[in-house]
Amino acid sequence: MKQNQLENILSEYETPLYVSDPKIALDNYKEIRDALDSAVIKYASKSNYSIGLISELYNTGADFVCGSPDEAMFLKNRCNVSAESLQVTVMCPKSQSLEHIISLSKESNDFKTTVNSIDTLDRMIDSGYKANILLRLKPNESLRSSSKYTDGSKLKFGIPQDNIKEAIEMVRES
């Protein structure tokens, strides 16, 4: 975007105003993807889910991590992103959000959901979830004694370490 274009936008709208250039985001994605060719690169759609940008990224082969089931449905319905290109993290989904997850799981076995609690996992399985489940672990205690490192033990989210075997067994039986 050129300086005069930015000045025209700023004269028309109040601040704060966020202006992004999809070309820069797309170029950055391609650079990362090409540099890490054996890695799976997923775009965090909550950072900017403009239809134009998401569509361009998807056409380039990007997969997406969504912060909510509703966000995943937005990408599917408004940006034509396939279910197998979506991964969603669920906290304690409301009924409608749970329905979105179940719908996406039936559409593609490659759809992925990160689960943060036994209760959510139980509700998903009881509702007929049929795709990949990723379990987010919350360690019980620090694995390192140094304050220079962080290992996730202070996280608010995740399945407590004491319940992880139960969660794995639930997934295996589903």
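The chain has 7 helices and 7 strands. Helices are DSSP runs of H or I with at least four residues, strands are E runs of at least two, and both are numbered from the N terminus. Read along the sequence, the order is α-α-β-α-β-α-β-α-β-α-β-β-β-α. This is a predicted model, where local features need pLDDT of at least 70, side-chain atom pairs count only at pLDDT 80 or more, and totals for chains, interfaces and linings use all residues. Residues are numbered from 1 along each chain as its sequence is written, and side-chain values use heavy atoms, with hydrogens and water left out.

Overall dimensions next. Along the principal axes, the C-alpha atoms fill a box of roughly 60 × 45 × 35 Å. Of the 174 residues, 32% count as buried. Buried means under 20% relative accessible area, exposed means over 50%, and partly exposed lies in between, with a 1.4 Å probe and protein chains only.

Now salt bridges. The structure holds 3 of them. The criterion is a side-chain nitrogen of Lys or Arg within 4 Å of a carboxyl oxygen of Asp or Glu. Take D27 and K23: their closest N and O atoms are 2.8 Å apart. They are separated by about one helical turn, because they sit 4 residues apart in helix α2. D27 is partly exposed, at 35% relative accessible area. K23 is exposed, at 55%.

R33 pairs with D34, and here the closest N and O atoms are 3.1 Å apart. R33 is partly exposed at 27%.

Then E107 and K76, with closest N and O atoms 3.5 Å apart. This pair links distant parts of the chain: E107 is in helix α5, residues 95-107, and K76 is in helix α4, 31 residues apart. E107 has 42% relative accessibility, so it counts as partly exposed.

Patch members have over 30% relative accessible area and no salt bridge; like charges are joined within 9 Å, and nonpolar side chains (Val, Leu, Ile, Met, Phe, Trp, Tyr) within 5 Å. Areas come from the Shrake-Rupley method with a 1.4 Å probe, and for residues only the protein chains shown count as cover. Lys and Arg are positive, Asp and Glu negative; His and the chain ends are not counted. A charge is placed at NZ of Lys, CZ of Arg, CG of Asp or CD of Glu.

Which residues form the negative patch? D119, D122, D126 and E166. Helix α6, residues 118-126, gives the largest share, 3 residues. E166 is in helix α7, residues 164-173. At 40% relative accessibility, E166 is partly exposed.

The nonpolar patch is made of M1, L6, L10, Y13, L17 and V19, together about 510 Å² of accessible area. Y13 lies in the loop between α1 (3-12) and α2 (22-35). Y13 is partly exposed at 45%.

S45 is in the loop between β1 (42-44) and α3 (51-59). Buried or exposed? S45 is buried, at 0% relative accessibility. Its side chain makes a polar contact with the side chain of E71, at 2.3 Å. A polar contact is a pair of N or O atoms within 3.5 Å; within protein, one must be able to donate a hydrogen and the other to accept it, and residues adjacent in sequence count only if both atoms are side-chain atoms.

N80 sits in the loop between α4 (69-79) and β3 (86-90). N80 has a positive phi of about 60°, although it is not a glycine. Most residues other than glycine have a negative phi. N80 is exposed, with 59% relative accessible area.
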